[in-house]
Amino acid sequence: MKFFRKSRVRLAAATALGLLAATPSLAQEEAPARPAMWKIADKDTTIYLFGTIHILPEDTHWFAGPVKKAFDSSDLLVTETEIGSAESLQQLFIDKGMRSDGTTLRASLPAQERAAFEQALAGMGIPAEAFDRFEPWYAGLLLSLLPLKAAGYDKANGVETLIEARAAEKHKARKALETPEYQIELFDGMPLESQNRYLGEVLEQLPTLREDVAKVVTAWKTGRADELASLLNEDESDEAVRAAFITNRNKAWAQWLQARMAEPGTVFVAVGAGHLAGEGSVQDQLAKVGIKAKRVQ
C-alpha cells in the first residue's frame with residue numbers, strides 16, 4: 001500500500017498520543033538534546049519557531065541553552081492546540097470514532113484485510129471483537145499507540161506538556177492555533193477508503209513502529225531538520241491527505257505569523273517538528289511573503 005506510508009503512521013501515532021491520556025513511562029538516561037529552532041524578527045517583534053515532538057521517553061533533556069532563553073524571554077506561548085482534560089479528550093475521540101452505520105469494523109473489511117487485522121489483534125492478546133464498534137481511523141490510531149506506550153513514550157514527557165506547565169508557572173499568555181476538535185476531524189473526515197488503507201498500513205508497520213518512531217526522536221534530538229522532514233512527510237503519496245494534514249495548516253499558521261509580526265513583543269511558537277522542515281514548511285510559506293526565518297539552534 002502506498003496511500004499511507006510509514007511517515008503518516010508515525011505522525012498520526014505521535015499526534016494521537018499527544019492528545020490522548022498519558023500513561024506511566026519507562027525511565028532511561030538520555031544525552032542532552034539540541035532540537036532545531038528558528039527566528040523571525042523585525043525592529044520590535046521576535047517570533048521563535050520551535051519544532052516539537054508530542055511524545056518522548058522519560059529523561060529526554062532538551063529545555064536548555066537557546067531554547068530556554070527564547071522561551072523565558074517570550075511574552076506569549078503559541079501551540080498547535082490547547083489540551084483539555086484527558087477525560088474530555090478521550091470522549092471527543094470516542095464520539096468521532098464510533099461507528100454509526102450499524103455494522104462492525106471487521107464486517108466492513110475485505111476478507112484479506114480482516115484476516116490480517118484479527119491476526120494482529122491475536123498476536124497482541126486483544127480479543128477479535130475489541131474494535132468492532134470503531135471506525136477504521138480510530139482503530140488504527142489505538143493500535144499504533146500500544147507499542148509506543150509499551151516502549152515508554154508518553155504525553156507527560158512531551159514538549160508541549162513541559163512548556164505549558166512552565167508557561168502556567170510564569171503566567172505567560174497562551175494561544176492555540178487549532179482546537180482538538182479540528183485536529184480529530186482531520187482523521188474522521190478522511191474518506192472510508194483512505195481510512196481502511198490507513199488501518200492496513202498500521203498493521204503492516206506494527207512490528208517496526210517502535211524503531212521507526214525512535215528514528216524520528218533521534219533526528220529531532222540532534223536537530224537534523226531535513227532528515228526529520230523526510231521521516232515524517234516525504235513519503236506521503238496522496239496529495240489530498242498531504243494538503244489536509246500538512247500544507248494547508250502550514251499556510252494558515254504562516255498567515256497568522258505574518259499578521260502577528262505587526263504587533264510588538266516576543267513570541268515562542270511550538271508546533272510539530274514536521275511542520276517546520278521540508279518542502280512546503282511554515283518557513284517556506286513565510287518566505288513567499290518575504291519573511292525569512294533564521295536558524296538559531
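**Exercise 1. Find which residues of helix α2 (residues 65–73) are buried, and work out how they are arranged around the axis.**

Solution. Begin with the burial of each residue, where buried means under 20% relative accessible area, exposed means over 50%, and partly exposed lies in between (1.4 Å probe, protein chains only). By this rule V67, A70 and F71 of α2 are buried. Next, look down the axis: these residues cover an arc of only 95 degrees, which puts them on the same side of α2, the arc being that of the directions from the helix axis to the C-beta atoms. Finally, ask what this side meets: the buried residues of α2 pack against β1 (37–41), β2 (45–52), β3 (76–81), α7 and β5 (265–272), where contact means heavy atoms within 4.5 Å. Helices (H or I, at least four residues) and strands (E, at least two) are DSSP runs, numbered from the N terminus.

The model is a predicted one, in which local features need pLDDT of at least 70 and side-chain atom pairs count only at pLDDT 80 or more, while totals for chains, interfaces and linings use all residues. Residues are numbered from 1 along each chain as its sequence is written, and side-chain values use heavy atoms, with hydrogens and water left out.

**Exercise 2. Determine the length of helix α5 (residues 111–123), and sort its residues into buried and exposed.**

Solution. Start with the length: α5 has 13 residues and reaches 18 Å from its first C-alpha to its last, close to the 18 Å expected at 1.5 Å a residue. Seen down the axis of α5, the buried residues fall within an arc of 100 degrees, so they line one face of the helix. They pack against α4 (105–108), α6 (136–150) and α9 (192–205), whereas the face turned away from the buried side carries the exposed residues A111, Q112, Q119, A122 and G123.

**Exercise 3. Classify the packing of α6 against helix α10 (residues 209–221).**

Solution. Take the geometry first: the two helices pack at an angle of about 75 degrees, with their axes 9 Å apart. This angle makes α6 roughly perpendicular to α10, a class that covers 65 to 115 degrees, while angles under 35 count as roughly parallel, over 145 as roughly antiparallel and the rest as oblique. The contact is made by S144, P147 and L148 of α6 together with L209, R210 and V213 of α10.

**Exercise 4. Examine the phi angle and the exposure of H171.**

Solution. Locate the residue first: H171 sits in the loop between α7 and β4 (173–178). Its phi is near 60 degrees, a positive value in a residue other than glycine. For comparison, most residues other than glycine have a negative phi. As for exposure, H171 has 73% relative accessibility and so counts as exposed.

Conventions: The expected span of a helix is 1.5 Å times one less than its number of residues. Axes are lines fitted to C-alpha atoms, for helices over the stretch in contact, and angles run from 0 to 180 degrees between N-to-C directions.
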